[in-house]
Every structure is written in C-alpha cells, then in structure tokens.
Amino acid sequence: SVALNVYDLVAMDPTGMLKGVLKQMIPGYEGIWHTGIVIYGNEYFYGGGLLQDTPGRTPYGTPLKQIQLGESQIPEDVFDSFMDEMREKYTFENYDMFDHNCNHFTNEACQFLTGNSIPDFITNLPQMFATSPMGTMLMPLIRQFTKGGAVDPASMQGTMNNMANMMGSGGMGNLFGNFGNGMFGGGNGNPFAAAANSFMNNTQSPTTTPKVTGHEGLTISTLPVKTKQATLYSSSTNVTKIFLKLQQLLKAQDPQFFDNSDNLRIFTDLKSALENRDTTPNYTIPVNTFNWISQLITLLPKDKVFPVFDILRLLVLHNTASAYYSAINNQTVDNLITDFILCDNPPSIAAQWLSSRVISNLCGLQVKNMIQGNRPDMLMDIIILGLESEVKQFKSTAASLAYNLSLACQDGFAPDLSMQLLSALCHSLGTGEFSEDVALSLLMALGRLIYKNQESIELVSAFDVNIDRFTQNTESVKLKQAAEEIKLLLQTPV
C-alpha cells in the first residue's frame with residue numbers, strides 16, 4: 001500500500017502568529033504542506049535532494065496526518081530505477097517553492113506507483129497563494145529569494161520566527177508599510193536586503209528590446225535551438241540492486257547459470273564497470289558482453305527481462321557499445337523494438353519503457369546511424385505509441401526520443417524524417433494531454449525543427465497548433481517561456 005505523510009510547516013512557528021497572518025493573506029488557507037511518500041517501509045521526500053528515512057521520523061517532525069493513496073503493483077527495484085531518474089530532476093538547485101517543490105515530487109511518485117494524484121488541497125496551495133492579493137504583490141520577490149534551495153526545517157523555523165517578530169504589534173501594516181526600509185531595508189545581516197534591492201532595481205530600470213533580425217537575432221534562452229545536447233537516461237545509483245535482481249532471475253531460470261566461468265566473469269566485470277562508470281567512463285567492456293546480453297534476452301522470460309534493459313540502457317552510453325548497437329545490421333535493437341515496444345501485447349510495462357530508453361539513448365548518441373534503413377518508421381511508431389500511452393514513463397521516453405531525433409533534422413539533414421516528426425509533434429501538441437516535463441520536451445523538439453526553417457514553420461502554421469494552451473493553466477515558468485519562444489519563432493521571418 002502507498003501512503004502520504006502530511007506535515008504542516010507552519011506548526012514549526014512557536015508563537016502561533018504566522019498562522020493568523022497567513023489566514024489573512026491566503027483565502028481558504030489551512031496549512032503550508034510538506035509531504036513524503038511512504039512505501040516499502042521507507043518515507044521518500046524532496047528536501048535538498050531526494051532523501052529517504054524511517055516513516056514519521058524525518059526532520060519535519062511528526063506528520064499531521066497520513067493519507068492512504070491506494071495499492072501499487074510496481075516492484076521495489078523498478079521504483080528504485082524511477083528514483084534514480086528523479087534524482088536528476090529533483091536537485092537542491094532545481095528547487096522552486098511554487099513550481100518544483102516537495103509536493104510536486106510526491107505527486108509524481110504517486111502517479112508512478114498508483115496512477116493517481118495526491119489530494120488537490122495540497123497541490124493547489126501555490127496557486128491559492130499566487131492569486132491572493134498579497135501573493136500577487138510578493139511573488140516576484142519571493143521567487144528571487146527562494147529559487148534554488150529546498151526547504152530546510154531549521155532555517156524554516158528561523159524564518160518563521162523572524163517573520164513573526166518583524167510583524168510585532170504592527171501586524172500586517174508593519175510588514176508591508178515599511179517595504180524597503182524595515183523588513184526589506186539595508187543593514188548588515190538582513191537576509192532579504194539583496195533580493196529586495198535587486199527586485200527594486202529591476203522594476204525601476206526598464207530594458208529595451210534589440211531590433212529583431214531573423215531567428216538568429218532573437219533572444220532564445222529556454223529552447224536549446226543552438227546546441228546539440230541530447231537527453232540521455234544516464235542516472236542510476238542502484239547498479240548493485242539491478243545486478244542483484246538479475247542474478248536472482250537468472251538463478252531461478254537456470255540454477256547452473258553461474259557455474260559457467262564466462263557467465264560469472266562477464267556478470268562480475270560488467271557490474272564493477274558500471275558501478276564505477278562515473279570515475280572511469282572509458283572502461284573496458286568485458287569480452288563477449290554483447291553476445292552475453294543477447295543470450296540473457298533469449299534466456300529470461302519476456303516479462304522478467306527488464307533488468308537486462310536497465311543494464312543495456314547504461315551500457316550503450318559507452319562509445320563502443322553505442323556504435324555496436326546502433327549499426328544498421330544489429331538485430332538486438334530491432335528485436336527490442338518489435339518484441340518489447342511495438343508488439344500488440346508488451347510482455348510487461350517495465351520492459352516496454354526501459355527498452356524504449358535504450359533506443360532513446362542510442363538516438364541521442366548515434367542518431368545518424370539509428371535513422372538508416374526502415375528504422376525511422378519504427379522510431380516514429382514508438383513516439384506516436386508512447387505519446388498516446390497512459391504509462392507516464394513510456395510517454396516521457398517518447399518525448400525524449402522525439403527530442404533526440406530532432407538533432408538529426410537540423411541543418412537540412414533527413415528532411416523526410418523531419419516532416420514526419422514535425423507532423424507527429426503538431427498532432428500531439430494540438431490534442432494530447434501531457435505533464436509539464438513531457439510538454440517541455442515536445443516544445444524543445446519543435447523549437448529545433450522550426451529554427452531557421454521556413455518550410456517547417458509553414459507546416460506548423462497549417463496545423464494551427466494552439467501553443468497558447470501551454471502558457472495557460474500551468475505554474476511552470478519554464479514551460480511558459482518555451483511556449484512564448486515557439487510563438488516568437490513562428491511569427492518571425494527566418
């Protein structure tokens with residue numbers, strides 16, 4: 001079973017004054033919520049990175065309540081792989097009080113585990129504050145002060161004490177009546193001074209927009225139109241667990257498997273190489289590894305082979321492996337696509353999206369090899385199928401694959417694939433419902449395709465894609481900026 005531990009950060013204010021102030025500021029206010037997801041005997045939460053602890057024993061004190069979220073069919077090792085992926089996304093630097101906080105993580109984890117979201121009263125809190133009169137006034141300043149640092153319980157309590165003391169007998173009038181002189185004034189040790197001065201300087205010094213001269217003259221900061229950086233699924237802090245799971249499955253299938261000295265050697269050496277790949281990225285791949293991988297895919301039942309794909313996902317990040325597996329005559333890759341991704345009844349959900357990530361990584365590293373022969377059609381089928389899937393990981397991988405394929409379509413290369421990809425993106429962006437990260441990947445792929453390409457711009461215009469919908473009903477500043485930049489590229493002569 002999956003549960004949600006709910007904490008009220010305002011309960012850390014010993015004076016009780018802050019609660020009354022926030023009730024005045026936020027209509028419908030009940031608390032400032034921090035949450036942790038509870039499963040497999042652990043509590044997982046976002047606080048200076050993704051962490052885990054004994055349930056109810058985290059630094060945030062005693063939970064105010066625990067909410068049962070439902071049952072999960074996801075094995076623990078698959079959830080470990082999910083957490084590895086999320087660690088790249090939920091870092092200390094990426095924290096944002098409104099757009100990327102602890103509740104965004106638990107909501108994403110809950111959707112992965114159960115297909116459901118956490119309660120609305122938690123996820124709607126940032127919007128409630130942002131649309132309140134005081135929230136509208138303070139949002140720009142708060143964003144500058146809080147961007148890039150997750151909530152630390154000790155500093156949170158200090159901040160609450162300071163706020164309560166600064167309000168003093170003057171209450172709300174004291175807090176806002178002395179804007180720029182009291183709470184936000186200068187003075188040594190004032191934690192708000194730098195942010196306030198920066199905010200005031202920015203609002204008092206309007207900037208002029210340079211004259212636009214084609215796409216190259218535009219200021220494009222969110223869409224990576226001038227880079228060749230691919231999206232790679234490279235994170236995994238649990239290589240040991242992946243290999244342990246594989247060992248269990250192999251012994252269950254063939255008790256004598258590790259009696260073979262070559263099987264034991266490759267298993268041991270490859271495990272060691274992948275565990276140390278960060279410090280030794282150009283490691284020596286054990287002899288006969290590629291044939292061994294093919295043997296495992298054949299040996300294990302199709303619904304149990306997913307750990308092999310998780311290993312292969314990391315292995316193809318090696319230059320030698322990516323060159324081997326992306327070759328046009330490599331049957332392993334073609335079999336992955338036909339037997340585990342595009343088949344009518346995939347053997348398992350995990351096998352489908354993990355094998356898709358092998359393909360996405362290969363396209364990110366060896367895209368020109370991967371679009372030879374009949375593979376472009378298969379790759380487009382993966383994208384279309386994945387974007388229509390209800391499985392969040394498969395949908396996210398399809399978006400990453402589309403983004404990586406867009407690398408091959410710049411500078412006039414692969415024009416047929418470019419038109420296919422562009423049509424698929426326009427259809428999906430026009431009709432599909434996506435999470436913010438998937439929508440952002442699709443917009444970034446679209447940006448690559450239309451940048452300095454008038455034919456692509458005309459095709460997008462013919463589809464009449466409603467880009468404005470990605471600037472509405474979202475709290476993600478980055479997604480809004482990406483959508484605005486798409487509109488700018490579409491409106492500006494190449």
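So, how many aromatic pairs does the count come to? It comes to 19, where rings of Phe, Tyr and Trp (its six-membered ring) pair if their centres lie within 6.5 Å, with planes under 30 degrees apart called stacked, over 60 edge-to-face and the rest tilted.

Quick housekeeping: this is a predicted model, where local features need pLDDT of at least 70, side-chain atom pairs count only at pLDDT 80 or more, and totals for chains, interfaces and linings use all residues. Residues are numbered from 1 along each chain as its sequence is written, and side-chain values use heavy atoms, with hydrogens and water left out.

Okay, let's look at one pair. Phe79 and Phe112 have ring centres 6.3 Å apart and planes at 40 degrees, so we call them tilted. They link distant parts of the chain: Phe79 sits in helix α2 (residues 76-89) and Phe112 in helix α3 (residues 102-114), 33 residues apart. Helices here are DSSP runs of H or I, at least four residues, numbered from the N terminus. Phe79 is buried at 0% relative accessibility, and Phe112 is buried at 7%; buried means under 20% relative accessible area (1.4 Å probe, protein chains only).

Now for another pair, Tyr90 and Phe105: this one is edge-to-face, 5.6 Å centre to centre with 70 degrees between the planes. Tyr90 is in the loop between α2 and α3, while Phe105 is in helix α3. Tyr90 is buried at 2%, and Phe105 is buried at 0%.

Back to Phe79 and Phe112: they belong to one aromatic cluster along with Tyr40, Tyr44, Phe82 and Trp353.

Technical notes: Helices (H or I, at least four residues) and strands (E, at least two) are DSSP runs, numbered from the N terminus. Buried means under 20% relative accessible area, exposed over 50%, partly exposed in between (1.4 Å probe, protein chains only).
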